[in-house]
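I opened this entry to look up the sheet, the salt bridges and the backbone angles. My notes follow the display.

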Amino acid sequence: MWHIRPKHEVVDVSTVYTGAPTWFSIKLHHSEKFTKLPDIKYIGGEVCYVDYVDIHEFSVHELDAIMLDLSYPDPRMIELTDESPVIYYHFRIPNGDFQFGLRNLGNDQDVINLSKYIAHNKLIEVYTEHGKTNLLTYFISPNAKGKVVIEELP
């Protein structure tokens, strides 16, 4: 079961998770948003650490529960409006930047994508946006090949 670390407590996650290949910690950035392209930054907000997360039990619903534990409103209990508390989750590929290293974290396939990094990275950064997202990660097709074909037309 995950645990929100008390503020000012320091934990060496590489030591704590020795022998636990599926466990990791989350550095959770919350209560702010990303700037728009081309120079993406996460402005303001707060940071907390969530320890003892097991990737085998982890899901987006666990992130929702963590946010509830941090006193955010439950989006499932509030009627959807323009002001509803929809939360977008993103994780950053370890050692990645904001331009190309951010990935959405909104469904089971995204969690599977995240799981590829757990064996060698015991601290994963997760960022939240509330209400709307300024990133394109949720709108890019997962099947996109990233190739451009230029054809000469007669």
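I count a salt bridge when a side-chain nitrogen of Lys or Arg is within 4 Å of a carboxyl oxygen of Asp or Glu. The model is predicted, so I took local features only at pLDDT of at least 70 and side-chain atom pairs only at pLDDT 80 or more, while totals for chains, interfaces and linings use all residues. Residues are numbered from 1 along each chain as its sequence is written, and side-chain values use heavy atoms, with hydrogens and water left out.

**Entry 1: salt bridges**

I looked up the count by this rule and got 3 salt bridges.

I went to E125 and R92. They form a salt bridge, with the closest N and O atoms 2.5 Å apart. For burial I use relative accessible area: buried is under 20%, exposed is over 50%, and partly exposed is in between (1.4 Å probe, protein chains only). E125 counts as buried, at 17% relative accessibility.

Next I took D51 and R5. Their salt bridge has its closest N and O atoms 2.7 Å apart. D51 lies in strand β5 and R5 in the loop between β1 and α1 (13-16), so the pair ties together parts 46 residues apart in sequence. Both D51 and R5 are buried.

K41 and D39 meet through their side chains in a salt bridge, 2.7 Å from N to O. K41 is partly exposed at 42% relative accessible area. D39 is partly exposed too, at 44%.

**Entry 2: the sheet**

In what order do the strands of the open sheet run? I read β1-β5-β2-β8-β6-β7, which is 6 strands with mixed pairing. Two strands pair if DSSP finds at least two bridges between them. The edge strands are β1 (3-4) and β7 (102-104), and each pairs on one side only.

I then followed β2 (residues 23-30). β2 pairs with β8 (residues 123-130) in the parallel sense, over 5 bridges. H29 stands opposite Y127 in β8. On the β5 side, 7 bridges join the strands, and β2 and β5 run antiparallel. I26 has a bridge partner in each neighbour: V50 in β5 and I124 in β8. Of the 8 residues of β2, 6 are buried, so β2 is largely enclosed by the rest of the structure.

**Entry 3: helices on the sheet**

Contact here means heavy atoms within 4.5 Å. Axes are lines fitted to C-alpha atoms, for helices over the stretch in contact, and angles between N-to-C directions run from 0 to 180 degrees.

I noted that helix α3 (residues 108-115) packs on the sheet and touches β2, β6, β7 and β8. The direction of α3 makes about 20 degrees with that of β6.

**Entry 4: positive phi**

Most residues other than glycine have a negative phi. I looked for exceptions and noted two residues.

H8 has a positive phi, near 75 degrees. H8 sits in the loop between β1 and α1. H8 is exposed, with a relative accessible area of 81%.

N95 has a positive phi of about 70 degrees, and N95 is not a glycine. N95 lies in the loop between β6 and β7. N95 is exposed at 83% relative accessible area.

Methods
Helix = DSSP H or I, 4+ residues; strand = E, 2+ residues; numbered from the N terminus.
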